[in-house]
Amino acid sequence: MTEVLAECVNATRRFGSFTAVDQVSMKIEAGEIVGLLGANGAGKTTLIRMLLGLLPVSEGEVRLFGRPPSRQTRHEIGYVPQGLGIYADLTVAENLQFSRGVYGGPRQDYDAPAALRPFASAVVRDLPLGLQRRAAFAEALAHRPKLLILDEPTSGMDPLARARLWETVQRTTDEGAAVLITTHYMEESQECGRLIVMAQGQVVAAGSAAEIVGQARVIVVQSDSWVSAFRALDAAGLPVALVGTTLRVPQASRADVANALAGLPCRLTEAPATLEERFFELVRAREPAR
Amino acid sequence: MTAAQRADGARRRAASGTDREWGTRDLSVRFGKRTALDHVTLRAAPGQIGAVVGGDGAGKSTLLGCLAGAVAASQGEVQRPPAARVGYLPSGSGVYPDLTVAENLAFRASVYGVSSAVAGQRVTGLLERTGLASARQRLAGQLSGGMRKKLGVVAAMVHEPELLVLDEPTTGVDPVSRADVWWLIIIAASEGAAVIVSTSYLDEAERTASVLVLSHGRQLAAGTPAEIMAGVPGALRAIRGRPQEDEQPRAWLRAGQWRVWDPPGACAPGPARGGAGRDGGSVIQPDLDDAVTVAELGSELRPADRVEGAGPGLAGGAR
């Protein structure tokens, strides 16, 4: 049986009268890459803070490595926050040394990535963002954590740098660790074996990308003038996206679209929805109307 | 704002005879010894959305700044409308943090000589649709990142510019706010503006009419997304298992599977190069993400081609 590294059972966190995380149940098993998706305010950061042991639950339960979160469980977690969480006015080597001290004792077997070695004595703030990111990763991985938590790790990266980072993540899971990752880049969530979609503090979908998309479809509108078609669909209040010169309308029936187009010469076809389109459907269903 | 009013804007522009193309030709920018941009040609056509893609330090902000008139060219040409007809969102938020949402927009409108009645009407529709209407009296500095970007885009298009230049309007913005930003971008294009957007998200670029790929200040590829995908040199394979040692520098991981790029003239392993080989994996059609990755790999494997000292540059290249 696979080892369960992290588990939430009806985990709830309230701040005053506001419920940030609402009855969330989920598991992360060894060797998994789990993507956590959601808009700002969906509860992702609060959930991560509960897993890190920085916030207690108001109700329900969070268990890490079979125990409640504590300073001891924190030793088994590597965390790279969005702001990277390394000290800008220390050198790379000093940062690594500091984290070794914090996580308890040297781990001589950890090999800093070759790309970082020439910069060991450089002050972090003087390094380009790509190297700062590598330093943050090296620091989070240095104590060989069982669970790696990454908050928006690839924001602003080019595809090659992003692919190289995913190699590092994959290697970590090959060695038996699990990774929980948040991303705003839907394409990238294909890298995750399993996704958890949150909205308004709740889990609204979970599974592989294909399972979450399911049978959802969109109407594709082709016409000589996308501008006229766009105006007609937009005026009817339909959510519409432009792809090249064709329009895609999720969450609408062919009849709705045809009505909105009111006789404009257009060709309508159907296509499977993308994960992003399905995501909006899930999230908007929970949102208060605008 | 109604569709009829938007159509009016497009007609006004067409009538004034300014429905022409903007962009840069052979543009180079140097800061001291550092070459930030090296012979870059970018087209911005009215009513179309163009994307400039690249990672941190690729030169995107320099290019967009030049196009908008905020950065001086060292060499080459920039065609842009008069300053009053350009809308520009710099890579920060482009709004004043200590003014409210309403004050930011009123200030912007007055700078561009748009009457408050006209601006008010235009802005109301845009704010309502993007979830900003209830935040009118809030300080811009207290908005969430996504709301601040949306405000920045609305502020940049308040005067119905002919050329709208948006530097990373969606970086770090959550998916729901991103959709709102894209709705604003489509509205601007539907009004007839030439829109240039820089982004590091290739799924966004894939939806635009033209894409320019920048890396280390150089133009690696340009064209429609389909042209860029079709123009990948050599062949791309999806393989089972790990790449062999000689393949590793040109291999990368995508959705849990390794891809290997064989440059033109390279000898791909496996029995059948054109189809599926049991050992060599199967040849696949590149998507835009693959095409840009190959372009970056190509420039990484030919270091002599690199512009000396262009940008911080190590984000993509270091291994």
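Predicted model: local features only at pLDDT ≥ 70, side-chain atom pairs only at ≥ 80, totals over all residues.
**Entry 1, helix 3 of chain B.** I looked up which residues of helix 3 of chain B, residues 101-111, are buried. The list is Val101(B), Asn104(B), Leu105(B), Arg108(B) and Ala109(B). I then checked how these are placed around the axis. They span an arc of only 125 degrees, so they lie on the same side of helix 3 of chain B. Next I asked what covers them. The cover includes two helices of chain B, helix 4 (116-129) and helix 5 (145-156). I also looked past the end of the helix. Gly113(B) follows helix 3 of chain B and has a positive phi, near 70 degrees.

**Entry 2, chain A against chain B.** I looked up the residues in contact between the two chains. On the chain A side there are 38, and they touch 44 residues of chain B. I listed the elements of chain A that give two or more residues to this side: helix 4 (129-141), helix 5 (159-174), helix 7 (226-235), strand 11 (241-243) and helix 9 (275-284). Helix 5 of chain A gives the largest share, eight residues. I sorted the chain A side by class and got 22 nonpolar, eight polar and eight charged residues.

I noted the division of chain A into domain 1, residues 4-211, and domain 2, residues 217-272. Taken over C-alpha atoms, the centres of domain 1 and domain 2 of chain A are separated by 40 Å.

Methods. Residues numbered from 1 in each chain as written. Chains lettered and ligands numbered in written order. Buried ≥ 20, exposed ≤ 12 C-beta atoms within 10 Å, placed from the backbone. Helix = DSSP H or I, 4+ residues; strand = E, 2+ residues; numbered from the N terminus. Arc of directions from axis to C-beta. Contact = placed C-beta atoms within 7 Å. Nonpolar A, V, L, I, M, F, W, Y, C, P; charged D, E, K, R; others polar. Domains from an automatic or database assignment.
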